[in-house]
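Here are a few exercises to work through with the model open beside you. Try each one yourself before you read its solution.

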Amino acid sequence: MPKTLALAYHNLSTMLDAGVPLLRSLNTVASGLEPRVRKAFLAVADGVSKGNSLAETMSLNPRVFSPLDVMLIDAGETSGNLAELMGLLAKWHEMSRRMLRKMLSGLLLPVVILTVAAFVAPVPGFVLGDQKMGSYLFSVVSILLLFWIPAVIIVLIVRTTPKTGPLRRALDHLVLRIPLLGRAMYKLALGRFLWVFHAMCKAGVPLADCISMAISASGNAVVGDLFRPATERVKAGEPMGQALPARLPVEVVEMWKVGEETGNLDEVTRRLAEQSADAAEFWLAEFVRWFPRFVYGLICLLMIYFFIRGYSRIYSNIGL
């Protein structure tokens with residue numbers, strides 16, 4: 001769906017920038033979309049035709065339009081920069097699509113091989129008579145559960161818990177500590193914060209509100225907490241560059257200060273967001289490159305364990 005939304009927002013941005021009325025743009029764009037997204041855009045068009053705001057009607061369909069989409073569209077309507085913010089949304093969804101595709105393509109083969117290995121590894125013991133069919137199937141299920149239970153737990157936490165809840169915060173801490181993937185997720189969350197902050201600045205939103213909205217859109221509670229103290233200090237009149245914590249990358253802090261000093265903070269945050277997104281893609285590519293090797297190593301150890309157990313049983317029987 002990110003690909004479809006990226007295309008839809010890009011086309012809407014182009015049409016609105018060309019002066020096409022919003023309602024006509026929505027109906028035109030909807031005609032070329034996949035059924036689920038087309039239905040959502042047609043519902044949005046119907047809501048707009050009844051006098052409702054675009055953001056309000058989009059919020060009624062959270063399965064298609066994320067809170068981030070609604071937040072930026074609302075800011076665009078308020079500021080009159082709707083076309084520009086839709087263009088930014090298109091870029092964001094395109095980047096999300098690239099990263100998701102890269103992640104899935106890198107993880108698909110290791111998952112398949114791991115599943116096959118779960119059936120193959122206990123075979124020596126079964127063939128040599130060390131295991132009956134029931135115990136063989138139990139070994140297969142045990143191996144699969146060893147890897148799938150943690151994955152299911154993580155999915156349930158992400159799907160069912162609030163983004164600011166203790167379980168989600170603990171998961172965010174854990175993810176940031178995974179080699180390579182943690183760096184990618186950190187840079188991605190930082191990029192999301194900077195990207196939304198830039199969009200809010202372009203829309204003329206007050207600085208403290210820009211920070212709060214960007215924190216909620218960062219997608220990682222740990223990264224969001226880095227910026228949370230700055231909200232109150234900015235409300236007190238302190239420049240945000242002085243309120244940024246030392247734990248942030250030094251280039252972010254220094255460029256932020258330069259942006260404030262030159263009055264060009266929205267452009268600086270855009271560049272920082274692009275740099276963070278590029279870094280996230282780089283580290284994600286590194287994770288995708290090394291994760292299969294890690295899985296293959298685990299499979300090799302698993303196979304060695306079952307072979308040793310099977311042949312040790314043979315030699316013990318011979319000794320008897």
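**Exercise 1. Is Ser276 buried or exposed, and what is around it?**

Step 1: Ser276 has a relative accessible area of 5%, so it is buried (buried is under 20% relative accessible area, exposed over 50%, partly exposed in between, using a 1.4 Å probe and protein chains only).
Step 2: Set aside neighbours within four places in sequence, and Ser276 is in contact with Lys187, Leu190, Gly191 and Leu194 (contact means heavy atoms within 4.5 Å).
Step 3: For a C-alpha check, take Ala189: 87 residues separate it from Ser276 along the chain, yet the two C-alpha atoms are 8.6 Å apart.

A word on ground rules: this is a predicted model, where local features need pLDDT of at least 70, side-chain atom pairs count only at pLDDT 80 or more, and totals for chains, interfaces and linings use all residues. Residues are numbered from 1 along each chain as its sequence is written, and side-chain values use heavy atoms, with hydrogens and water left out.

**Exercise 2. What span should helix α10 have, and how many of its residues are buried?**

Step 1: α10 covers residues 181–202, which is 22 residues.
Step 2: The expected span is 1.5 Å times one less than the number of residues, so α10 should span 32 Å, and its end C-alpha atoms agree at 31 Å apart.
Step 3: 16 of those 22 residues are buried, so the rest of the structure largely encloses α10.
Step 4: Now look at what flanks α10. Leu180, in the loop between α9 (166–176) and α10, has a positive phi near 70° despite not being glycine. Gly204, which follows α10, also has a positive phi, near 80°.

**Exercise 3. Which residues have the most contacts inside the largest nonpolar core?**

Step 1: A nonpolar core is a set of buried Ala, Val, Leu, Ile, Met, Phe, Trp, Tyr and Cys residues joined through side-chain atoms within 4.5 Å.
Step 2: The largest one has 77 residues, and Tyr9, Phe41, Phe65, Phe193, Phe227 and Met240 have the most contacts inside it.
Step 3: α10 gives the most to this core, with 11 residues.
Step 4: Beyond its neighbours within four places in sequence, Phe193 has contacts that include Phe227, Met240 and Trp256.

Definitions and conventions. Helices (H or I, at least four residues) and strands (E, at least two) are DSSP runs, numbered from the N terminus.
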